[in-house]
Amino acid sequence: MDTIGFVDEKSESRLYVGNLDLRINEAALIKMFSPYGKIISEDFLWHTRGPKKGEPRGYAFIQYSSKEEAELAKEKMHGRLACGRPLVVRFSDKLLEDSSHDRPKRLLPEANRTRSASGSSSGQMSRDEKVAAIKNKLKALEEDEKQRDPKKLKS
């Protein structure tokens with residue numbers, strides 16, 4: 001969509017392809033998706049810095065010449081195994097809408113997910129629970145240290 005509110009025709013035929021195995025390269029991706037229509041662009045994302053610099057990021061975008069071709073590719077390829085992993089294929093303009101219904105967004109670093117305002121219903125610990133866990137761990141370490149060398153902690 002553009003800023004005025006018109007639906008960009010290109011975005012209707014653009015697919016997000018995720019959960020790609022690191023062995024899948026651009027050529028393999030195009031080969032897998034070309035039977036469903038004319039691919040007019042492909043964006044294969046790579047790590048640009050850090051220890052994984054130059055390695056694939058595990059997702060890409062493919063744009064078909066029509067919405068119908070993209071729908072067919074999505075229908076046929078979503079969930080299909082590639083190198084032992086099920087592909088995730090969605091319309092790229094639907095990513096933000098769909099992500100709130102699924103698991104947490106992969107774009108957020110792991111540390112930020114634990115700060116969610118949703119509480120601990122998703123298995124995440126609250127701040128108080130984390131503090132209590134750390135205190136319990138310290139206490140267990142102290143007890144263990146006392147058992148190994150009782151003289152050490154009496155000072």
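Which residues do ring pairs link into a cluster? The cluster consists of Tyr16, Tyr59 and Phe61, where rings of Phe, Tyr and Trp (its six-membered ring) pair if their centres lie within 6.5 Å, with planes under 30 degrees apart counted as stacked, over 60 as edge-to-face and the rest as tilted. The model is predicted, with local features needing pLDDT of at least 70 and side-chain atom pairs pLDDT 80 or more, while totals for chains, interfaces and linings use all residues. Residues are numbered from 1 along each chain as its sequence is written, and side-chain values use heavy atoms, leaving out hydrogens and water.

**Aromatic rings**
- The structure holds four aromatic pairs.
- The ring centres of Phe44 and Trp46 are 5.0 Å apart and their planes stand at 55 degrees, so this pair is tilted.
- Phe44 is buried at 9% relative accessibility, whereas Trp46 is partly exposed at 35% (buried is under 20% relative accessible area, exposed over 50%, partly exposed in between, with a 1.4 Å probe and protein chains only).

**Sheet**
- Four strands form an open sheet in the order S2-S3-S1-S6 with antiparallel pairing (strands are DSSP runs of E, at least two residues, and helices of H or I, at least four, numbered from the N terminus; two strands pair if DSSP finds at least two bridges between them).
- Strands S2 (39–46) and S6 (88–91) stand at the edges, each with a single partner strand, so one side of each lacks a neighbour in the sheet.
- Strand S1 (residues 14–18) pairs with S6 in the antiparallel sense over four bridges, and Gly18 has Val88 in S6 as its bridge partner.
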